[in-house]
Amino acid sequence: AAGSAPAWHAGGQGFKSPQLHVSSIPTIPRGWNSSNIGDLTGKKFLITGGTSGIGKEAARELIRAGAHVTITARDAIKGEATAVELGKKNIEVGSLDLTSLESIQNFAKSITSVFDVLILNAGVMATPLAHTKDGFELQLGTNHLGHFALAGLLQSKVTERIVSVASQAHRLGNFGDGSREEILRRAKGLGVYKPWGAYGDSKLANLLFTNELQRRIMKNNWGFNAYAVHPGYSNTNLQSVSPTMRGASAEARVTAAMNAVIAQSASRGALPTLCAATHSPLVGASYIGPDGWLEMRGFPKLTRAAGIAYDQELAANLWAVSEELTGITWG
């Protein structure tokens, strides 16, 4: 029912435990940071959008802990430059454009071995109305549909966790009456378009996806868990995408200045992602964000999304539309 969060099962790296009572739900230690990450030697991670911001900082810390990390990039030159910056050891770069189902399928085919954790991190924010190569509204198409298709194609190669990077902006999303017809309309960018509303829809979709995925994991015994995170207000390149696309150079400069003064660093913003990807145990479908004022900054804590993110009927409708539009069926 809307607003109710089911009791999921707990999963760590390489284990699953029975369903938990409320009193035994695992917690995250106060002040959890990258120094709490254990030895990850032999672990494999795949991060979409790993050339800047949260993705790059998460990759940096995972590599430091001994993991092998594959990052994706639309720009091969930028991808290789990031690999060099991160030391070129235990890192690979894959070519992926989440705005193209053909690119997603080609990338998925290139992944021939299993990996422990898939981190769905890449995204765009508050862009002017635009469409993906397959005719989807750019924000929902990139932030949700592209990741839905990729994760579905790689489902059999994930052994432990799928982590989706959402946002507090999910509270701006609603999907109208929640019908398949309305979701489909928004996915195609039809009708009145509001950049922040569309971004909110895409981030709400990340949470609906995570919760629905966990329900299906439990029903089908798929063997991994799904988690969602939000980074708070972090200084990344994401905020500059919209003004850059609109040619608003003055706004881009103001945004950059505000980020430098108000926002926490990208490395601090990556902590919820790192926690969801490595901390054990965690209950499936856990949502993690910063513990500071209004969850804008701080260390990771278990948090709760807006009630609509737990609406099972809306999640099922979104899943059905996502399968229809991408042609990817999980199972």
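In this predicted model, the side chain of threonine 278 reaches the backbone oxygen of leucine 274, at 2.7 Å. Threonine 278 belongs to helix α10, which covers residues 271-278.

The protein has 331 residues, and 56% of them are buried.

The secondary structure consists of eleven helices and eleven strands. Among contacts with a separation of 6 or more, 77% join residues 24 or more positions apart.

One pair of helices illustrates the packing. Two packed helices are described by the angle between their axes and the distance between the axes. Helix α3 spans residues 101-110, and helix α4 spans residues 138-154. Their axes lie 10 Å apart and meet at an angle of about 25 degrees. Angles under 35 degrees count as roughly parallel, so α3 and α4 are roughly parallel to each other. The crossing of α3 past α4 is right-handed. On the α3 side, the contact is made by Leu101, Ile104, Gln105, Phe107 and Ala108. On the α4 side, Gly146, Ala149, Leu150, Leu153 and Leu154 take part.

How values were computed. Residues numbered from 1 in each chain as written. Predicted model: local features only at pLDDT ≥ 70, side-chain atom pairs only at ≥ 80, totals over all residues. Heavy atoms only, no water. Helix = DSSP H or I, 4+ residues; strand = E, 2+ residues; numbered from the N terminus. Polar contact = N/O pair within 3.5 Å; in protein donor to acceptor, adjacent residues only side chain to side chain. Buried < 20%, exposed > 50% of the residue type's maximum accessible area, 1.4 Å probe, protein only. Contact = heavy atoms within 4.5 Å. Axes fitted to C-alpha atoms, helices over the stretch in contact; angles between N-to-C directions. Parallel < 35°, antiparallel > 145°, perpendicular 65-115°, else oblique. Left-handed = near helix turned anticlockwise from the far one by under 90°.
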